[in-house]
Amino acid sequence: MISYIPETGRRLRTMSFRATFHFDIRPQWEEAIREGRKGVDARPNIQPYADVKKGDVLRYHSLRVEVLGIHAYPGLNDLLQAEGFRQVVPEAQDIHQALAVLLEEFHHLEPPHGVLALKIRPLPK
């Protein structure tokens, strides 16, 4: 990346680093991401998920995605309402079913430190 410093008229080359994280995901969600039906990966707001930054790469079983943005929410219902339940749980018929699926993913407990919405897009192979 090259940045321009107006005061000096000089250009400065800076390094930008992208971290890669390996996360598990349901196979049907991996396919939904690949097809463009799922654009948000919901994770509890704890490490290692809390370490993810915009621009990082997530690697699932057979898919790599780029993190376009991250939003923190106090609870799962807040996340589903703000992000749209179908972007998080594309197979859900309504927000209540999406919440039930996520609670199952989170071992039937609402994460005490809130949840993260990782906005993602698939990367070419």
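**Reading the sheet and the pocket**

Author: An open sheet of five strands runs in the order S3-S5-S6-S7-S4, with mixed pairing. This is a predicted model: local features need pLDDT of at least 70, side-chain atom pairs count only at pLDDT 80 or more, and totals for chains, interfaces and linings use all residues. Residues are numbered from 1 along each chain as its sequence is written, and side-chain values use heavy atoms, without hydrogens and water.

Reader: Which are the edge strands?

Author: Start with the terms. Strands (E, at least two residues) and helices (H or I, at least four) are DSSP runs, numbered from the N terminus. Two strands pair if DSSP finds at least two bridges between them. Here the edge strands are S3 (20-22) and S4, each pairing on one side only.

Reader: In what sense do S4 and S7 pair?

Author: Antiparallel, over five bridges; S7 covers residues 115-122. Val40 has Lys119 of S7 as its bridge partner.

Reader: What volume has the largest pocket?

Author: A pocket, on a 1 Å grid over the protein atoms alone, is an open set of points where a 1.4 Å probe fits, with protein on both sides within 12 Å along at least five of seven lines; lining residues have an atom within 4 Å of a point. Grid points are joined across faces, edges and corners, and a volume is the space filled by probe spheres set on the points. Here the volume is about 210 Å³. Of the 13 lining residues, Asp24, Ala42, Arg43, Glu105 and Phe106 are the closest to the centre.

Reader: Which element gives the most to the lining?

Author: S4, with four residues. S4 (40-44) and helix H4 (95-105) are the elements that give two or more.
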